[in-house]
Amino acid sequence: MKSGLSALGVLVVLTVSACGQGAAGQTPVPAADGAPAPAPDRGVDPCTLLDPKDRSTAGITVLGVAKEINGARACDWTVPATFGVTITVDEKNGLADLEVERKTATKTKVGGREALKVADKRAADGTCAVLLGMGEKASVQIDVSNTNFADTPLACERAVTVAGLAEPKLP
């Protein structure tokens with residue numbers, strides 16, 4: 001069954017969140033700096049997928065802020081005046097369940113996982129997503145948005161880098 005949520009729709013929602021806009025009444029929670037650990041009874045905590053070394057490698061100079069997007073746990077890192085990264089753990093929809101426009105998606109692999117790189121090159125809006133499969137019914141979405149909404153190839157380079165850093169920590 002399709003989720004009804006397109007990857008570009010996810011990208012748009014997450015791009016807005018990558019710019020630091022949280023849900024009303026939400027209290028930001030800094031990411032843990034320790035080793036990744038599942039949240040109690042909730043699976044993978046997205047804020048633990050980038051440790052301090054990973055953040056440095058990716059050019060992320062801030063701690064993440066935990067949030068929820070469409071019922072899924074997410075973590076948002078916003079580097080002022082540069083770019084934002086949002087990692088969302090969707091425990092209900094695998095890659096096959098996500099509706100992605102074929103013209104914007106490229107099949108790829110990250111580590112040993114099936115993945116999709118999603119970017120609208122014609123829009124050239126400085127956004128890119130890498131969607132990682134996590135079993136048949138779960139996925140992890142890494143969304144990057146450049147603050148100036150330009151340079152989509154750079155956004156994709158950043159998304160691929162973050163996906164490569166997070167992937168080994170996934171179950």
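Predicted model: local features only at pLDDT ≥ 70, side-chain atom pairs only at ≥ 80, totals over all residues.
Reader: Are C47 and C75 buried or exposed?
Author: Both C47 and C75 are buried.

Reader: And where are C128 and C156?
Author: C128 and C156 form a disulfide with their sulfur atoms 2.2 Å apart. C128 sits in strand β8 and C156 in helix α3, 28 residues apart, and the pair thus links distant parts of the chain. Both C128 and C156 are buried.

Reader: Why is the disulfide of C128 and C156 called right-handed?
Author: The torsion about its S-S bond is about 95°, so the disulfide of C128 and C156 is right-handed.

Reader: Let us turn to α3. Which of its residues are buried?
Author: Helix α3 covers residues 152-166, 15 residues in number. Its buried residues are T152, A155, C156, R158, A159, V162, A163, L165 and A166.

Reader: What covers the buried residues of α3?
Author: The cover includes helix α2 (52-58) and the strands β5 (83-90), β6 (105-110), β7 (113-118), β8 (127-133) and β9 (139-146).

Reader: Which members of the largest nonpolar core touch the most other members?
Author: Of the 32 residues in that core, they are I60, V85, I87, L132, V140, I142 and V162. β4 (72-79), β5, β8, β9 and α3 each supply at least two residues of this core. The largest share, 7 residues, comes from α3.

Reader: What is I60 in contact with, leaving aside its neighbours within four places in sequence?
Author: I60 is in contact with L50, R55, W77, V79, F83, V85 and V162. A second, separate core of 6 residues includes L98, V118, A129 and L131.

Reader: Changing topic, how many salt bridges does a search of the whole structure find?
Author: The search finds 7 salt bridges. One of them joins the side chains of K169 and D54 at 2.2 Å, N to O. This pair links distant parts of the chain, with K169 in the segment after α3 and D54 in helix α2, 115 residues apart.

Reader: Is K169 buried or partly exposed?
Author: K169 has 23% relative accessibility, so it counts as partly exposed. D54, by contrast, is buried, with a relative accessible area of 8%.

Reader: Where are E167 and R113?
Author: E167 is in the segment after α3 and R113 is in strand β7, 54 residues apart. Their side chains meet in a salt bridge at 2.9 Å, N to O. Both E167 and R113 are buried.

Reader: What of D76? Which side chain does it meet in a salt bridge?
Author: The side chain of D76 meets that of K67 at 3.7 Å, N to O. D76 is buried at a relative accessible area of 3%, and K67 is buried at 8%.

Reader: In what sense do β3 and β4 pair?
Author: Strand β3 (residues 65-69) and β4 pair in the antiparallel sense over 5 bridges. The bridge partner of V65 in β4 is D76. β3 and β4 form a hairpin with 2 residues between them, and N70 in the turn has a positive phi of about 50°.

Note on methods. Residues numbered from 1 in each chain as written. Heavy atoms only, no water. Helix = DSSP H or I, 4+ residues; strand = E, 2+ residues; numbered from the N terminus. Expected span 1.5 Å × (residues − 1). Buried < 20%, exposed > 50% of the residue type's maximum accessible area, 1.4 Å probe, protein only. Contact = heavy atoms within 4.5 Å. Core = buried A, V, L, I, M, F, W, Y, C linked by side-chain atoms within 4.5 Å. Salt bridge = Lys/Arg side-chain N within 4 Å of Asp/Glu carboxyl O. Pairing = 2+ DSSP bridges. Disulfide = S-S within 2.5 Å.
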